[in-house]
Amino acid sequence: MLDVRRLQVLRAVVTSGTVTAAAAHLGYTPSAVSQQVAALERQAGTALLERVGRGVRPTAAGLLLTEHAALIGSAVARAETALADLRAGRTGSLSVRYFATAGSTLVAPALARLRAEHPGVRVDLELTDPEDPLQEVVRGRADLAVVVRAGDRGGDGFRLVHLLDDPYAAVLPLGHPLADREAVDLHELAGEQWVGSEPPGPCLEPVTDSCAAAGFSPDFAVRSEDYATAQGFVAAGLGVGLMPGLGLRVRHPGVVVRPVRNPEPVRVISAAVRETALEQPALRGLLRALRDAATAGPPGGTAAD
C-alpha cells in the first residue's frame, strides 16, 4: 500500500518545483524529503520525479500520484472537520429509547432542549413499552434509555444515572370509605379487589414488594397496562389500585388519589447510558436535560385531590 504521508511529500515537491522549497514548506531537511520520495518510488516501482535544471518535474506516474495525493489530502481535511464537528456536538446521531409515562414529562422537554443546543444532531427515538428499554442499551442498539431501575450503578458497558423517584399513590373510586383520608396505610387495602395497571416487571415490583411488606398480596380482579384505562376501571367500582405519579398526571373525574404510607411504594427512574456514548457532547447534553426535566417539578398525582 502506498504511504499517504509520502504521497503528501511528493505533492509538496511537485507543487513547489524543488526539493529545497518543499523541505522548507514541510519543515523537513532536503535530504529527508529526498529519502521520502525515494521510498515512495520503491513502493510505486517507477520513477516519480525527473531533474530539470535546478528543479524537478513529475513523471507521468508522479503527476498521477500527485493528483491522487490532492484528493487524499482533501478527504483527510474533510474527515478532520467532520470529526471536530462530532466531538463538538454539532453533528452526529443518538438512539434513544423510553417507556410511555416518561415520554411527555421527561423525554419531550429534554429533546426540545437538545434540538435547541445541538440542532445538527439526529435523534432515533423509539417507544419500547412493554419491553424493558434497558436491554436496548445493554445490546448496543441504543445510546440512552429511560428505564425503571435504581440509579448510580451500572453494568458491563453501561451506566445508570438517577433521574427521579416516582412514588405510587392509592387510586380509589368516589365514595370509597378511605377517600376522605389524607393518606392511606397500605395494609388498609389488603381486603380490597384490585385493578392492576402494570405488566410484570420493574414497574410492578414496587407494588408487590410493598404489599408483601404490609403483610398481604394484592388480589387483582382486573388488569390493564394503560393508566387511563385502569383509572376508568377504578371509577367503575371494579377495584382499587396503586399507580405512579407520572401515570396520574391526567386524572379520571371518577377517582380520588391519596398518598400511601407504611410503606410507600416508589419506582426509581434512571437513564441507562452506554459508556462509550458519553464521549459525545450531545449525549451529555441530553442527559443534563433529562435530569433538569426530572427536577423541574414533582412527578404529580401523588397529592390528595
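Helices here are DSSP runs of H or I with at least four residues, strands are runs of E with at least two, and both are numbered from the N terminus. By that rule, Gly17 sits in the loop between helix 1 (4-16) and helix 2 (19-26).

This is a predicted model, in which local features need pLDDT of at least 70, side-chain atom pairs count only at pLDDT 80 or more, and totals for chains, interfaces and linings use all residues. Residues are numbered from 1 along each chain as its sequence is written, and side-chain values use heavy atoms, with hydrogens and water left out.

## Overall form

The protein has 9 helices and 13 strands. Its C-alpha atoms fill a box of roughly 110 × 30 × 25 Å along the principal axes. The radius of gyration is 32 Å, whereas a compact globule of 305 residues would have one near 19 Å. That radius is taken over C-alpha atoms, and the globule rule is 2.2 Å times the number of residues to the power 0.38.

Buried residues make up 44% of the 305 residues. Buried means under 20% relative accessible area, exposed means over 50%, and partly exposed lies in between (1.4 Å probe, protein chains only). Gly17 has a relative accessible area of 21%, so it counts as partly exposed. Gly17 and Arg57 are 40 residues apart along the chain, with their C-alpha atoms separated by 6.7 Å.

## Pocket and cavity

Rolling a probe the size of a water molecule over the atoms shows where empty space is left. The search uses a 1 Å grid over the protein atoms alone. A cavity is a set of points where a 1.4 Å probe fits but cannot get out. A pocket is an open set with protein on both sides within 12 Å along at least five of seven lines. Lining residues have an atom within 4 Å of a point. Grid points are joined across faces, edges and corners, and a volume is the space filled by probe spheres set on the points.

The largest pocket has a volume of about 550 Å³. Its lining counts 29 residues, and Phe99, Ala100, Thr101, Asp129 and Tyr227 lie nearest its centre. Helix 5 (100-117), strand 5 (144-148) and helix 8 (227-235) are the elements that give two or more residues to this lining. Helix 5 gives the most, with 4 residues.

How many cavities of 30 Å³ or more does a search of the whole structure find? The search finds 1. The largest cavity has a volume of about 40 Å³. Its lining consists of Trp194, Val195, Gly196, Ser197, Glu198, Leu204, Val207, Phe220 and Leu242. Strand 9 (residues 193-196) gives the most to that lining, with 3 residues.

## Aromatic cluster

Rings of Phe, Tyr and Trp (its six-membered ring) pair if their centres lie within 6.5 Å; planes under 30 degrees apart are stacked, over 60 edge-to-face, and the rest tilted. The count comes to 2 aromatic pairs.

| Pair | Centre to centre | Angle between planes | Type |
|---|---|---|---|
| Trp194 and Phe216 | 6.1 Å | 50 degrees | tilted |
| Trp194 and Phe220 | 6.1 Å | 80 degrees | edge-to-face |

Both pairs link distant parts of the chain. Trp194 is in strand 9, and Phe216 is in the loop between helix 7 (205-213) and strand 10 (219-223), 22 residues apart. Phe220 is in strand 10, 26 residues from Trp194. Trp194 and Phe216 are both buried, and Phe220 is buried too. Ring pairs link Trp194, Phe216 and Phe220 into a cluster.

Arg258 is found in strand 12 (residues 255-261). Its relative accessible area is 8%, so Arg258 is buried. The Arg258 side chain reaches the backbone oxygen of Ala179 at 2.6 Å. This is a polar contact: a pair of N or O atoms within 3.5 Å, where within protein one must be able to donate a hydrogen and the other to accept it, and residues adjacent in sequence count only if both atoms are side-chain atoms. Arg258 and Asp132 are 126 residues apart in sequence and 28 Å apart in space, C-alpha to C-alpha.

Asn262 lies in the loop between strand 12 and strand 13. Its phi is near 55 degrees, a positive value in a residue other than glycine. Asn262 is exposed, because its relative accessible area is 53%. The peptide bond from Asn262 to Pro263 is cis, with omega near -5 degrees. Pro263 lies in the loop between strand 12 and strand 13 (266-274).
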